[in-house]
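Dear colleague,

I am passing on a structure that you have not worked with before. Please look through it first, and then read the notes that follow.

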Amino acid sequence: MEKLEFKEIQPLTSISAVLDLARLIARVKGPKRVAVAAAEEAHVIEAVNEARIEGLVHPILFGNPDRIRRVAAELGVRVQNLEIRPAKNPVEAAALATQAVSRGEADILMKGLVHSSDFLRAALNKEWGLRTGRLLSHVFVYEAKGYDRLLFMSDGAMNINPDLRTKIQIVENAVTLAHVLGIRTPRVALLAAVEVVNPEMETAVEDAIIAKMADRGQIKGAIIDGPLALDNAVSEEAARIKGIHSPVAGKADILIVDNIDVGNVFYKSLVYFGRIRGGGMIMGAKAPLVLTSRADPEEIKFLSLALSVVAAERLPYAQS
């Protein structure tokens, strides 16, 4: 069997590189098993079937078997290639899928046609859930035209209005995922509407505190600065014009938003206006959690699975 050495990899700079690494992992280690909660949804079945054809995953679909088979047939997907396990309703499907991951029968948990609250309630169940003691936060990884690197954005899906302590953990989760993708010292921009510390703006003050904590080694593995407005976080020209001198300004890998409203609009602007390629996952659990919007395109779901295959192999705290 081909040997894989994952301790050191070259930084991945594109979504295609993430997909190639997922293919390599699957070829050497075998496909990752993905438990899908309430799988009777067309884009979900398309995504997991594409990932199955690519050899990335072995899907285990929890839900109403008749509906799953009907949707698969409408898509031209051969149901004999899919493992289907019955569930009475979406809530039970989420519980059964989570338990499969918790027992080690699956490596990745994916949301299907189930409310996010029910999906997460199962994932966080105290008896058989996937808690680690770490905060759960969502990280979206994407490539943008004109940039020579992957960009990360967090948190646009999980934490509604994070306080300072929560924001620190959001940063740490995003940094961990960047390390997983070979980016050894990612540059983190803490986004605000301004690039100065305005005592009247809570976001700016919290960002400055986090940046100073990183300077003193309290947050490790990254270069962090803030507050930074979006333009001077990702554009060296904008940073030059505004006279900002920072190792992060214009060079940010990771963009941390202040709350879920900003993150959600940011994400959907990328998808609908930018037509970017990317995928996301929830960090902090015992296994990668794929939580995408029901309206997300099939490609976003597929690429989220590819990202999760890499994370399932390389995350330091993921279950073996």
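Into which domains is the protein divided? The division is into domain 1 (15-132 + 285-314) and domain 2 (137-273), with bounds that come from an automatic or database domain assignment. Please keep in mind that this is a predicted model, in which local features need pLDDT of at least 70 and side-chain atom pairs count only at pLDDT 80 or more, while totals for chains, interfaces and linings use all residues. Residues are numbered from 1 along each chain as its sequence is written, and side-chain values use heavy atoms, with hydrogens and water left out.

Between the two domains, 13 residues of domain 1 are in contact with 15 residues of domain 2 (heavy atoms within 4.5 Å). Domain 1 and domain 2 bury about 1100 Å² between them, 69% of it on carbon and sulfur atoms, where buried area is the accessible area (1.4 Å probe) that two parts lose on being put together, summed over both. Of the area that domain 1 buries against domain 2, I15, L307 and R314 supply 42%, more than any other three residues.

After α1 comes G30, whose phi is positive, near 95 degrees.

Notes. Helix = DSSP H or I, 4+ residues; strand = E, 2+ residues; numbered from the N terminus.
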